[in-house]
Amino acid sequence: MILPIVKYGHPVLRKKGARIENITPEILTLVQDMFETMEANHGVGLAAQQVGHALQLTVIDVTGITDRPSTLELHGQPTDVSALMPLVLINPEVTPAGEIAKGGEGCLSFPEIYADIERPGIVDVKALNQKGQLIEFRCGGLLARAVQHETDHLNGLLFIDRMDKQTKADLKPELDDLQVQTKAELKSAKK
Ligand code: ZN
């Protein structure tokens, strides 16, 4: 099922996700729905908060994106990124493992808003997958960026929090409009 995507201004985007202790049938349905929702919106990542659930759960798929390459190391061995896609991360822990890199980002909760964001170019990731198995890998490029952007969501952080001051100031009118619109929609939905 394709779910509605929560936009900037909705309070759930600022909530830290609860750890998932049991991978229940409801969680597996949510994972499936999140993949369908991400695909329908042509995203490379989607966090549970973006469909209204404050949980430590995100889905990522960088398959087919060739203009912004990704790298992957499994057990210290360079591996084709497709080996890990599509990717479900539950309770992820992300550790920087490389120098800061600047790259363009967008977010399905911020339609039409894009900016360059600085983040570590390589990260180590430890998480559970949807089968409850521990997965560990090192990644770079677009995948490292997506993992960090999505893990931020799980902690209530948004890419606007990582923009430099000038970029955020330049985007302020659009961000304010979006926030006002989302709050108005929430208010009218409650009536
Ligand atoms: Zn996002």
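**A cysteine, a hairpin and a bent helix**

C139 is buried, at a relative accessible area of 1%; buried means under 20%, exposed over 50% and partly exposed in between, with a 1.4 Å probe and protein chains only. This is a predicted model, where local features need pLDDT of at least 70, side-chain atom pairs count only at pLDDT 80 or more, and totals for chains, interfaces and linings use all residues. Residues are numbered from 1 along each chain as its sequence is written, and side-chain values use heavy atoms, with hydrogens and water left out.

C107 is also counted as buried, at 10% relative accessibility. C139 is in no disulfide, and the nearest cysteine sulfur, that of C107, is 18 Å away. The whole structure has zero disulfides, a disulfide being a pair of cysteine sulfur atoms within 2.5 Å.

Now the strands. C139 lies in β9, opposite L72. Strands β3 (residues 70-74) and β9 (residues 134-140) run antiparallel, joined by three bridges; pairing takes at least two bridges in DSSP. Helices (H or I, at least four residues) and strands (E, at least two) are DSSP runs, numbered from the N terminus. β3 also runs antiparallel to β4 (residues 77-78), through two bridges, and L74 has Q77 as its bridge partner. Two residues separate these strands in the hairpin, where H75 takes a positive phi near 50°.

Last, the helix. α3 (residues 165-190) bends by about 55° at K172, with P173 following within four residues; the bend is the angle between axes fitted to the seven residues ending there and the seven starting there. T167, L171, L175, L178 and T182 of α3 are buried.
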